[in-house]
Amino acid sequence: MAHTTNRQEQIEQVVVTAQQMREIEGRIFEAGMPVAALMEKVAGLISLRLQALFPLSHYHRVGVLVGPGHNGGDAAVVARELHLQGYEVLIYRPIAKLKELTSGHTQYAASLGIPVYEQIEPLQNCDLIIDGLFGFGQTRSLSGNLADAVNRFNQGSQPIVSIDLPSGIHTDTGEVLGTAVRATRTFCLGLWKLAFLQDQALEYIGKAELIDFGIPAQDVWAILKQPAGLLRMSATVARNYLPLPRPAVTYKYKEGHLLLICGSRRYAGGAILTGLGARASGVGMLSMAVPESLKPLLVSHLPEALIIGCPETPAGAIAHLPEAIDLEDYSAIACGPGLTREAKPVIESVIEAQCPLVLDADGLNILAELRTIPTLLRRKTPTVLTPHVGEFKRLFPDSAGLLPDRVSAVWKASQLSRAVVLLKGARTAIAHAGSSVWLIPESTPALARGGSGDVLTGLIGGLVAYPSLSEQPLEAIVATAAWWHAQAGILAAQERTELGVDAFTLTQYLMQVVQKATLMP
Ligand SMILES: NC(=O)C1=CN([C@@H]2O[C@H](COP(=O)(O)OP(=O)(O)OC[C@H]3O[C@@H](n4cnc5c(N)ncnc54)[C@H](O)[C@@H]3O)[C@@H](O)[C@H]2O)[C@@H](O)CC1
Ligand SMILES: [K+]
């Protein structure tokens with residue numbers, strides 16, 4: 001992992017579990033920071049953000065949900081600050097027994113004239129709700145009156161801002177514990193918690209924002225060790241893994257030679273899209289093996305590529321690779337989009353290749369038929385697999401039991417198979433042989449569309465093929481490609497709406513992402 005020296009950048013890159021967060025906070029308290037002082041600081045920052053986002057002129061009446069622990073303590077301080085700024089604040093405090101600090105702050109808020117209720121009815125006409133019921137580390141399910149209250153707040157039309165996590169969301173798995181607050185926005189405190197990168201929590205989290213309250217980097221690294229187990233991919237990090245700038249003196253094969261094996265008569269477009277994804281990587285030389293009858297089509301779309309016609313089955317799939325192809329000629333091979341399941345001999349051949357191999361789509365389905373783990377363990381060079389959840393279940397039935405905790409599932413699959421496994425989703429997760437898990441923190445539902453995965457396969461293949469990147473951790477290169485692909489989707493959706501991001505259009509936005517990333521200060 002490439003480390004930056006800037007504390008804020010390092011903090012942004014880290015993702016923690018509840019246990020790790022507890023240990024990091026523990027170090028800060030042990031070093032002498034008073035718990036009450038930290039709570040005051042955190043809640044002060046939250047209050048300022050709230051005032052900026054929800055000005056008094058539009059959000060007059062604010063309901064604050066105060067739970068029994070320190071999440072409730074933060075909320076009680078926020079209630080006080082907003083009250084002092086002129087908001088009309090009402091507190092809902094469902095559990096009478098409060099931690100000491102929380103009790104003190106709630107009592108003080110009440111002494112200022114903020115009403116404290118045990119019922120939700122008085123809070124029903126609020127313009128804004130602040131959720132401070134439970135924070136990180138929650139494992140108990142919400143039930144009874146508390147669950148009813150949360151469900152009723154969720155039905156309201158007012159925005160809800162959750163402090164740290166939506167109450168009822170498991171910090172690590174993102175699971176809903178009985179029920180959970182459906183926040184419009186969540187302020188994650190200090191460090192990104194894992195739930196923010198788990199698909200199942202996203203609808204509850206709403207818009208996510210990190211409130212950096214100044215956790216020292218050394219306390220983070222003391223607990224996480226370097227490199228950390230969970231990492232968020234960002235523009236700053238991705239820049240380290242882009243093959244830029246090129247050396248002044250180079251030649252095409254020195255910039256990588258990628259072989260794509262894809263397409264069938266039925267799925268001809270998939271081959272084109274994979275080729276266009278690879279094109280955007282800038283790889284020095286692109287060769288494409290496709291069914292013989294697709295050759296003219298591919299040449300017309302990718303004039304720079306060397307198109308190799310392959311013998312076809314009667315249905316128009318690649319029957320087998322031609323004798324003329326020597327798999328040793330390539331610095332990477334990517335294989336799968338549009339092949340159909342008839343192309344089994346192709347997968348049997350490429351599995352033997354000595355260079356890094358990317359498998360996608362039907363390549364994955366055939367791999368599952370060949371028995372994923374024993375087949376992969378035979379390989380001497382790395383394999384990259386890019387399944388969506390359905391393919392993942394076929395490939396790794398033993399790891400799929402951990403779903404919907406996608407991060408644990410992908411980690412286990414990579415550990416068992418020694419492969420780089422990229423599990424596609426709203427928050428794509430990438431793991432290699434059970435080491436770090438990279439997470440792609442931003443994406444767009446516009447990418448949920450036929451062909452967008454083919455583009456990703458080509459892009460990954462292209463980056464993996466660069467000899468200049470071969471010393472870098474493969475999972476970081478794959479994560480860079482996934483970040484790049486997601487950013488292109490975001491840019492395209494910004495300009496064309498989420499309906500305007502067909503896979504071909506997506507390929508046309510890939511270069512803009514690199515331009516933006518490399519122009520950054
Ligand atoms: N102490 C500090 O100075 C800081 C506190 N922070 C805040 O503290 C939070 C963590 O505080 P806590 O560890 O006190 O955790 P919580 O605020 O989540 O409270 C935990 C308490 O709630 C009870 N509880 C959990 N689930 C329940 C359920 N379903 N029904 C009834 N009771 C339930 C538990 O038994 C426990 O007593 C963070 O999320 C954050 O908001 C952070 O901001 C950092 C600074
Ligand atoms: K909360």
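Guide: The conversation below takes up the sheets, the ligand surroundings and an annotated site in turn. The model is predicted, so local features need pLDDT of at least 70 and side-chain atom pairs count only at pLDDT 80 or more, while totals for chains, interfaces and linings use all residues. Residues are numbered from 1 along each chain as its sequence is written, and chains are lettered from A and ligands numbered from 1 in the order in which they are written.

Visitor: What makes residues 21–221 a "domain: YjeF N-terminal"?

Guide: That label comes from UniProt, where an unreviewed entry lists it for residues 21–221; positions follow the numbering used here, feature names are shortened, and annotations may be inferred rather than shown by experiment. Over this stretch the chain is 38% helix and 17% strand, with the end C-alpha atoms 12 Å apart. Helices (H or I, at least four residues) and strands (E, at least two) are DSSP runs, numbered from the N terminus.

Visitor: Why are β4 and β9 called edge strands?

Guide: Two strands pair if DSSP finds at least two bridges between them. The open sheet of 7 strands, with parallel pairing, runs β4-β3-β2-β5-β6-β7-β9, and β4 (116–117) and β9 (207–211) each pair on one side only. Strand β7 (residues 185–189) and β9 have 5 bridges in the parallel sense, and Cys188 has Leu210 in β9 as its bridge partner.

Visitor: What makes β10 and β13 edges of the sheet?

Guide: In the open sheet of 10 strands the order is β10-β19-β18-β17-β16-β15-β14-β11-β12-β13, and the pairing is mixed. β10 (230–232) and β13 (306–310) each have a single partner strand, so one side of each lacks a neighbour in the sheet.

Visitor: What surrounds ligand 1?

Guide: The shell holds 25 residues, the closest being Gly69, His70, Asn71, Phe134 and Gly135; a residue is near if its C-beta atom, placed from the backbone, lies within 6 Å of the molecule. Helices α3 (35–53) and α4 (70–84) each supply at least two residues of that shell.

Visitor: Why do the residues annotated "binding site" count as gathered at one spot?

Guide: The UniProt annotation, from an unreviewed entry, covers Lys424, Gly425, Ala426, Arg427, Thr428 and Gly453. They span 30 residues in sequence, yet no two of their C-alpha atoms are more than 14.2 Å apart, so they gather at one spot.

Visitor: Why is Lys424 called buried?

Guide: A residue is buried if 20 or more other C-beta atoms lie within 10 Å of its own, exposed if 12 or fewer, and partly exposed in between, with C-beta atoms placed from the backbone. Lys424 has 25 such neighbours, and therefore counts as buried. Lys424 lies in the loop between β17 (420–423) and β18 (429–432).

Visitor: How do you know whether Gly425 is buried or exposed?

Guide: Gly425 has 21 other C-beta atoms within 10 Å, and is therefore buried. Not counting residues up to four places away in sequence, Gly425 touches Asp199, Val389 and Arg406.

Key:
Contact = placed C-beta atoms within 7 Å.
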